[in-house]
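Here are some exercises to work through with the sequence and the 3D view open. Try each task yourself before you read on.

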Amino acid sequence: MNLFFFFLRQDVMLKSVTAKEHQYVGLHKLSALARTLHSFIGPQKSYKFIQDDRSGESALTCSCFCTIQNLDPTCALDQLVRETLQEHEKIYHTGSGCLMFLAGAWSNAALHGLRQGISITQIISAMSEGIEICLDAIRKSAVFFNGNDVILSRRSTAAALSSRLSLSKKALSEASNMSSNLKATPAKVYQQVQNGSGHRQIKLSRYFCETKSEMVSQFETYSVAHIAEALSHRCDNVMEMAVEAMQIQSRNNQDNSFVTFDITKVMTCVLFGLPEDCCCVVQGCIVLLADEKVSVFHHLKTKHLKVALVNGDLSHNYRHLGFKRPAGMQHVRDQPGVSGSSREDEWVKKVVKLLLDLGVNLILITGVACKAMVQHCCRHQILVVEKLNFSVLRNFAQSTGSVPVTYASQLGHHCVGTGVQLALWRDLSCYDRKLLLPVSISTGGNTELVTAILTSSVQCKLESLEDRFWACAYRLHHALKDRALLPGAGRTEMFCICHLQKQAKYCREKQSDSVPTAAAGTATALHTSVMLELMAEGLMDYITTVMINSGKLSKVKARTIVSRQLQTFDVHKGNAAKFPQLVLRNEATAVSSVKTTECAQTVEVYDNLCVKQEAWRKALDLVFLVLQTDGEVVSGVDQKMETDAMML
Amino acid sequence: MSRVEKKAPSVCTDLPLNNAEVCAKLHLMKELLKSCYGPRGRLKHVRNNIGGRVTTSSASSVILPALYSSQPLLNLIKSSVLNHISRFSDCGLFAGVFCLSLLEQARRHELRESLAIKVNKHCLSLCTSYLQRDDCACRVKIDFSSSQNLMTLAGSIVSSKPACLLTEAEKLHISTMAVRAFLQTIPCSSPGPVTLGQTVTVTVRGLPVLDSAMFPGLLVEMHDDFNQTDSSSEPLRTVLFSTSLAGDLAELGDGTIEADPDLDTDLQILDQLLELGKQLVEDEVRLCVCQKVIHPVLQQYLRSHGVVVMERLGMALMEPLGMLSGTQPVATLHARIPSTAYGRVKNLSTKQFGNKTMLHLQPDGEAAVCTAVLCHRNETMLDELKVAWRKTEDVLRLTLKEPSALLGGGCTETHLSAYVKHKGQQEASETAAGLRCSPAEFLLGVKVFCRSLDMVARSLEHDGGSSAMDLNHAHHWTVSADAAGEDMAGGLGLCGCGLVENSSTEWTFLNTEYAEFCPAPLLGDSCRKPTVLDSFTAKVNALQVAVETANLALDVRYVIKDEN
């Protein structure tokens with residue numbers, strides 16, 4: 001029988017807290033969970049081992065999302081965190097660390113509020129006000145750029161446009177060489193953007209921008225390389241790969257009016273056993289072929305091939321989604337069976353005959369092919385490539401004029417495309433013992449498909465390498481989609497802190513000015529100001545943790561630096577880009593010495609606008625849900641298992 | 001050889017309500033339901049023990065189905081509340097808390113079960129007859145010529161779900177949408193019996209709430225790309241299948257088929273399907289919709305003939321689509337489709353919501369079908385928003401049956417309690433004689449009933465504040481924890497339902513004794529409108545369900561449990 005348990009605000013985990021605080025176990029747990037993930041914040045990440053005591057297996061993780069994914073959820077909160085992160089990661093593929101940190105920091109803020117006797121309703125309304133202030137400040141500090149002005153090619157930028165302050169990598173290095181005599185360092189460029197109009201340029205159309213053209217003209221050229229560099233967050237090598245992928249993609253894109261990065265047309269191919277400097281980006285679709293397919297490849301290379309696309313498995317018993325096999329089917333035979341070939345063999349023969357009739361040499365499928373099918377195809381020099389993404393299939397459909405089908409039997413002349421070529425990408429026989437052959441499938445130079453080849457000689461690093469590549473690729477993708485960047489390295493956060501503190505001060509003043517009789521109103525104002533201060537404290541924590549993680553700074557030192565910056569900042573005049581970058585690339589100790597020439601060498605760090613906004617919002621939503629929850633309803637619990645539960 | 005197992009004897013519990021364990025469980029359940037009650041109620045994480053999905057909610061329709069108890073009494077209460085919710089949607093927590101309070105208070109005051117049953121019945125009839133009376137002071141007439149009361153009613157329900165985390169502007173947006181949807185589903189001018197239209201909800205995760213919108217017609221999510229065919233202005237001939245066109249033998253049921261092994265059944269059915277496809281093309285069908293899956297081969301065939309194909313529509317959309325297009329769902333593929341089964345859709349277009357692409361089907365002519373697209377930032381809140389939306393929809397429809405609403409914010413409960421206390425005191429001796437008990441016993445029973453009603457009103461407060469009632473109109477007021485101890489007449493503001501303002505009368509805290517009084521009706525010329533309203537039909541029924549369930553539980557003498 002199913003039993004039901006109800007945990008009513010009790011847990012033995014935190015014995016030291018006062019009786020009243022027992023109620024908010026969820027918030028304590030959330031903040032504790034977030035604290036264990038602090039080391040993943042910031043550009044300098046450290047690996048973590050997660051060990052399974054029972055199986056003895058361990059996993060190496062390097063991101064917040066991976067860690068949570070690898071942990072077994074033991075309570076509703078873990079589940080909730082996991083679901084939130086999954087949802088975020090599914091769309092953005094980056095920013096989980098920030099989400100988790102702020103969820104922890106703001107649950108601390110809520111706990112402090114509760115400790116001071118502020119009711120849950122008031123906390124929620126004050127913190128909602130706080131997040132609105134933050135999101136508004138984020139929007140204000142974003143640097144918008146017009147898509148038409150993003151320059152693609154790194155080389156041309158550097159050569160032709162360095163005089164126009166284009167911030168390509170090459171230009172940057174030049175700038176650093178001549179930093180003493182060159183006035184316009186990259187940092188200044190951005191400041192000019194900010195100062196000029198008070199707001200950033202949002203050029204919606206060409207007509208719009210004409211009105212303030214003299215302002216805009218100075219900064220309208222952004223090179224992708226610069227944007228990428230700003231977003232690389234110390235993953236320079238993989239970010240370079242992402243940029244290269246994008247450049248290859250847009251070289252083949254006729255429509256050049258907007259620079260975009262179509263992430264669905266990017267594939268990764270992971271090669272184990274090669275040194276890491278073999279990582280590269282290749283146009284077209286690179287797949288690994290093994291065994292008997294290799295000889296088929298040698299037969300087919302340099303030929304123009306006919307291609308068929310199958311969205312599903314290539315096997316006898318594969319049925320489309322939603323098909324139910326009739327249960328009550330009996331086979332009755334009036335004579336003893338003597339048939340030699342099985343049904344599968346017949347099917348394989350039929351399909352191969354069809355393929356031969358259509359002249360197909362290459363089949364790309366999203367699922368897997370059965371062994372007999374692969375063997376038959378190989379015998380007839382037909383190459384079967386399995387486990388491709390549907391988006392890749394769609395791309396082939398566009399570029400070859402073929403139509404993806406679900407069953408091989410659906411194939412007809414109109415479904416078959418032409419003009420595909422196979423080529424050996426690189427001979428790896430000197431490295432590889434298993435003889436996996438990397439083969440590129442191309443459609444005559446005009447494909448937008450790009451494959452990133454990721455190599456490493458340490459196998460467990462491959463996964464995190466792939467993660468990093470996708471994170472970089474998505475950051476670039478989002479930046480080009482948003483057409484906006486957010487000053488990073490703590491600058492946006494500091495700007496938000498200023499705004500929160502300003503509002504908190506305003507609330508405090510309102511409270512002290514008001515007539516004493518309106519007791520309820522003043523209490524609310526006071527509570528709001530307290531909560532806003534606490535939220536700002538959470539952001540402060542974030543900045544200092546990033547600083548601590550990236551250098552040899554102590555917590556106290558980091559805090560001093562941040563608060564000094566905040567004191568000298570004028571909310572009314574400045575904006576986020578006015579802050580110096582607190583987390584520097586090379587030397588964390590150089591933090592306060594902004595004026596030194598060293599500054600010119602550092603790259604400005606930027607973040608994604610929509611990712612940060614979403615992550616902050618989701619973090620606070622998570623805190624609100626946990627804050628309002630006082631119990632857990634679990635069904636189907638074994639009575640002996642749970643000791644601290646109440647049972648109905 | 002069969003083994004003989006020793007059977008355990010059945011366990012019989014005498015007077016379950018006197019059993020400490022049962023009482024503790026009843027109390028626990030009451031605390032659980034109480035903590036969820038009202039716009040500031042606390043949420044619960046609901047999950048199973050094997051790490052299933054976590055739902056966070058304070059709605060009785062989500063929490064109650066997850067409760068399993070080893071005590072039949074608790075299951076009895078649970079199922080009667082669930083039954084109420086399935087019919088009226090609203091006031092589930094009210095029914096639960098009231099019922100459990102009645103049981104608890106009766107035990108606390110050591111009232112005999114038989115007497116408690118009789119007095120409860122009497123008090124219930126007092127309440128229901130008062131609520132039906134024209135001069136009832138806690139009932140508000142709903143005037144369909146103005147949307148104000150409807151908006152208030154919708155707003156109260158939307159705000160009673162704190163897990164939605166809506167701001168004031170968002171609450172207003174959603175309740176306006178709900179009222180608009182309600183009004184759109186009432187057909188304007190159709191002779192004969194009137195059938196109400198339907199609102200279909202589509203949820204989109206990740207967009208702000210203010211992006212939620214209403215559309216006439218149907219929005220259906222597209223699974224694959226939609227290629228806009230020639231956009232002629234003519235209506236599209238539509239066919240709707242309720243049977244699977246996936247090529248399986250859906251009509252076979254549990255029976256068996258004997259077939260020759262050389263026979264390829266799949267191919268046979270596919271031929272049949274293509275035959276069907278040919279007929280559709282001949283009949284100039286332009287839109288083919290199937291509740292279940294359509295075989296890819298058939299899809300390919302139809303698409304190549306310019307037919308728009310939609311599969312996996314789902315059960316929920318079948319009826320609205322039938323209404324919209326006038327099609328008769330086709331349930332077999334073995335007969336020719338009669339021409340009367342075809343319907344028409346005026347226009348097809350695509351709409352993009354976040355990452356969802358939806359096909360918009362517009363009705364050809366007047367059809368009271370509309371689609372509400374609900375958006376929220378994350379799944380938990382979106383789920384709760386959907387619960388609130390459905391509830392609002394149902395409650396608004398209930399107003400067609402009985403165009404009234406009750407004052408919300410606990411005011412109805414305190415008002416009824418004061419009325420019952422007053423009435424009981426007045427008629428104590430004669431009623432007591434009728435019930436064959438002493439007047440003192442009767443008054444104790446009345447007290448139990450009133451205390452239980454007060455308990456429901458008190459459950460609205462969760463932040464440590466206390467509840468008070470004015471001794472003039474008997475409305476409900478909350479005193480926040482900060483303001484307690486200060487002069488109450490100074491800073492209480494408006495009452496729970498927003499109808500009475502800070503009148504300079506006397507107050508009493510709800511858990512204290514007070515002298516009975518007759519609650520005065522509000523003067524009609526007050527320009528103030530109530531800000532919180534509850535569904536009349538749902539609450540009256542909840543009141544009855546609670547009392548009857550409590551009476552049933554009080555009547556239980558033994559619980560016999562088979563231990564095998």
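A residue counts as buried when its relative accessible area is under 20%, as exposed when that area is over 50%, and as partly exposed in between. Keep in mind that this is a predicted model.

**Exercise 1. Get to know chain B**

Task: Find out what share of the residues in chain B is buried, and how many helices and strands chain B has.

Solution: 
- Step 1. Chain B has 564 residues, and 54% of them are buried.
- Step 2. Now for the secondary structure: chain B has 15 helices and 20 strands.
- Step 3. Take the contacts in chain B with a separation of 6 or more: 75% of them join residues 24 or more positions apart.

**Exercise 2. Where the chains meet**

Solution: 
- Step 1. Chain A brings 57 residues and chain B brings 63 residues.
- Step 2. About 5600 Å² is buried between the two chains, and carbon and sulfur atoms give 56% of that area.
- Step 3. Count the links: there are 5 salt bridges between the chains, and 13 residue pairs are in polar contact across the interface.
- Step 4. On chain B, the elements that each supply at least two residues to the side touching chain A include α1 (20–36), β2 (43–48) and α11 (379–401). The largest share, 6 residues, comes from β2(B).
- Step 5. Sort the residues on that side of chain B and you get 25 nonpolar, 18 polar and 20 charged.

**Exercise 3. Zoom in on B:R377**

Task: Locate B:R377 and decide whether B:R377 is buried or exposed.

Solution: 
- Step 1. Look in the loop between β14 (369–376) and α11 of chain B.
- Step 2. B:R377 has 13% relative accessibility, so B:R377 counts as buried.
- Step 3. The side chain of B:R377 makes a polar contact of 2.7 Å with the side chain of A:D621.
- Step 4. B:R377 also touches residues including A:E87 and B:R205. Those two form a salt bridge with each other, with their closest N and O atoms 3.9 Å apart.

**Exercise 4. A salt bridge inside chain B**

Task: Find which residue B:K30 pairs with in a salt bridge, and where the two partners sit.

Solution: 
- Step 1. The partner is B:E104, and the closest N and O atoms are 2.7 Å apart.
- Step 2. B:K30 is in helix α1 of chain B and B:E104 in helix α4 (residues 92–108), so the pair, 74 residues apart, links distant parts of the chain.
- Step 3. Check the accessibility: B:K30 is buried at 2%, and B:E104 is buried at 17%.

Conventions
Residues are numbered from 1 along each chain as its sequence is written. Chains are lettered from A and ligands numbered from 1 in the order in which they are written. This is a predicted model: local features need pLDDT of at least 70, side-chain atom pairs count only at pLDDT 80 or more; totals for chains, interfaces and linings use all residues. Side-chain values use heavy atoms; hydrogens and water are left out. Contact means heavy atoms within 4.5 Å. Buried area is the accessible area (1.4 Å probe) that two parts lose on being put together, summed over both. A salt bridge is a side-chain nitrogen of Lys or Arg within 4 Å of a carboxyl oxygen of Asp or Glu. A polar contact is a pair of N or O atoms within 3.5 Å; within protein, one must be able to donate a hydrogen and the other to accept it, and residues adjacent in sequence count only if both atoms are side-chain atoms. Helices (H or I, at least four residues) and strands (E, at least two) are DSSP runs, numbered from the N terminus. Ala, Val, Leu, Ile, Met, Phe, Trp, Tyr, Cys and Pro count as nonpolar, Asp, Glu, Lys and Arg as charged, and the others, Gly among them, as polar. Buried means under 20% relative accessible area, exposed over 50%, partly exposed in between (1.4 Å probe, protein chains only). Lists of a residue's contacts leave out its neighbours within four places in sequence.
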